[in-house]
Amino acid sequence: MSDVTRAKRGRPVHHWRRDVVELAALFTAVAVADGVANLVGHGPDGPALLTVSAALLVATAGFHTWWARRHGHAPPTGDTDTRPRSGEPQAGPSELPSGVTEESALWRMRTTVKDAPGSLAALCAALAGHRVDILSLQTHPLGEDTVDEFLLRAPASLAAAEITRAVARAGGSGTWIERADAHDLVDAPTRILGLATRTALDAAELPLALRQLLGRCTIRSLPAAAGSGGRGPQGVPVEGVLEETVMRLRAPEGGVITVERPYLPFTPTEFARARALVELDARLGPRVPLGQDVLTLPEGNDITVRRADTGDLQAAKAMQERCSARTLGMRYHGPVGDTDRYLNHLLSPRFGQTLAVQTPSGRIVGLGHLLWDGDETEVALLIEDQWQRRGIGSELLGRLVAMAVEAGCESVYAVTQASNTGMVAAMRGLGLPLDYQIEEGTLVITARLEKSAARETSQRYGERVTRD
């Protein structure tokens, strides 16, 4: 805040004595001017009287200027300890009576204000008037305006509409507000460094890092078009393109990453941060965590569960060739002969995370995919026929859900058929709320990752294969 202004509940404080003096000076000047005009028009000493009246007007103007400077721009007396502190609400948390506690709620809010002295001060005073505590603040300059992003702690009884109305009265426009949680208490530099670290460890984390960086948005990866010269499907330049609620970034492999957020335009600062994450991912190249976990099946056989990528393409194709047409039909819901063309996409870290089940001899016998589908998340399983009904599918699905919980997903869905009793049983075994829907002859099962149940699932399977 670049200026200091006395305010009461977000509005300037006016004193009646100052108003009376200013009005008296104005009426005196008008009366003198009228008297002088009459004398000049009807008397012989007009020039002398005109000179005297000019002197009086100058003296009146000088007195008014002195009074305004002395009483209008002096610092608040409360800041110079010349009077006791005011009982009005102050910026920041206010003390409650001893033994009394008040429930609070966290909010993330963004609003646009004029880039002028006092605009932020008025906004803070309006929030303080509703006992709202500002925990953090980021500013995004936009020329004549500034986008201010707040993390707020407010009384639980205070509705979001009341906060936005107070902000509007203080000069804020285009206000957006939503509930926050404890994860938002991390300051912005620390959070961005954490996202960069996750991206550096795992190429599949890039879409998740962008989503957590930019909030609720839809992220899609598009492959490079043939004959585009590596410039992507729509000729996106290396530096990317920002179009209010849409940003397009060059993907490391030559395609395009499209990020859409219809309800809130992106700022140049957000665009620069997203571009930096993509550039980091491009410089590091393909990478997958090397962690793995050895499990013993009920029948006594050992299997290894690990992350997989396009380097496992040939082994995955060999597994598909050993699968029956019925198994492949259950998985891909289309012509069995087209299954090979899906694998390169499914194994790419750009589109999700894949777990592979491997025997001691190194043969892959099962694949589990967690796929980023815009702002939704799909889970898919393929288990070789002779390894089915041994608990491998349930193990893979549980781990995929744990990875989705870690990624902050709100739900996961599986597309299957009603006759695929194994997949239906595995989804039920998660212990999560399920929604069933029939779409074009297929069954879509959606598991809602409610916090308590999802936390239990995540703890059950842990992070043994998601981190090295």
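At what angle do helix 5 and helix 7 pack, and how far apart are their axes? In this predicted model, in which residues are numbered from 1 along each chain as its sequence is written, local features need a pLDDT of at least 70 and side-chain atom pairs count only at pLDDT 80 or more, while totals for chains, interfaces and linings use all residues. Side-chain values use heavy atoms, with hydrogens and water left out. Helix 5 and helix 7 pack at an angle of about 25°, and their axes are 10 Å apart; here axes are lines fitted to C-alpha atoms, for helices over the stretch in contact, and angles run from 0 to 180 degrees between N-to-C directions. This makes helix 5 roughly parallel to helix 7, given that angles under 35 degrees count as roughly parallel, over 145 as roughly antiparallel, 65 to 115 as roughly perpendicular and the rest as oblique.

The protein has 13 helices and 18 strands, where helices (H or I, at least four residues) and strands (E, at least two) are DSSP runs numbered from the N terminus. Of its 468 residues, 41% are buried, a term that means under 20% relative accessible area, with exposed meaning over 50% and partly exposed in between (1.4 Å probe, protein chains only). Among contacts (heavy atoms within 4.5 Å) between residues at least 6 apart in sequence, 64% join residues at least 24 apart.

Two packed helices are described by the angle between their axes and the distance between the axes. Helix 5 passes helix 7 in a right-handed crossing; a crossing is right-handed if the near helix is turned clockwise from the far one by less than a right angle, and left-handed if anticlockwise. In this pair, I192, L195, A196, T199 and A200 of helix 5 meet R273, L277, L280, D281 and L284 of helix 7. The residues of this contact of helix 5 with helix 7 divide into 7 nonpolar, 1 polar and 2 charged, where Ala, Val, Leu, Ile, Met, Phe, Trp, Tyr, Cys and Pro count as nonpolar, Asp, Glu, Lys and Arg as charged, and the others, Gly among them, as polar.

Helix 6 packs with both of these helices. Helix 5 (residues 188–201) and helix 6 pack at an angle of about 170°, with axes 9 Å apart, and the two are therefore roughly antiparallel to each other. Their contact is made by R191, I192, L195, R198 and T199 of helix 5 together with L206, L208, A209, Q212 and L213 of helix 6, and by class it holds 6 nonpolar, 2 polar and 2 charged residues. The axes of helix 6 (residues 206–214) and helix 7 (residues 268–284) come within 11 Å and cross at roughly 165°, which makes helix 6 roughly antiparallel to helix 7. Helix 6 passes helix 7 in a right-handed crossing, and the contact involves L206, A209, L210, L213 and L214 of helix 6 and E270, R273, A274, L277, V278 and D281 of helix 7. By class, this contact of helix 6 with helix 7 has 8 nonpolar, no polar and 3 charged residues.

Individual residues were also examined. H369 lies in strand 14 (residues 364–373) and, at 2% relative accessibility, counts as buried. The side chain of H369 makes a polar contact with the side chain of T354 at 3.0 Å; a polar contact is a pair of N or O atoms within 3.5 Å, of which, within protein, one must be able to donate a hydrogen and the other to accept it, and residues adjacent in sequence count only if both atoms are side-chain atoms. Not counting residues up to four places away in sequence, H369 touches R331, L346, L347, Q353, T354, E378, V379, A380 and L400. G398, which lies in helix 11, is buried at 0% relative accessibility, and its C-alpha atom is 8.8 Å from that of M427, 29 residues away in sequence.

The remaining residues lie in loops. R389, in the loop between strand 15 (376–383) and helix 11 (392–406), counts as exposed at 73% relative accessibility, and its side chain makes a polar contact with the side chain of T421 (3.5 Å). R131 has a positive phi of about 60° although it is not a glycine; it lies in the loop between helix 3 (119–128) and strand 4 (133–142) and is partly exposed, with a relative accessible area of 33%.
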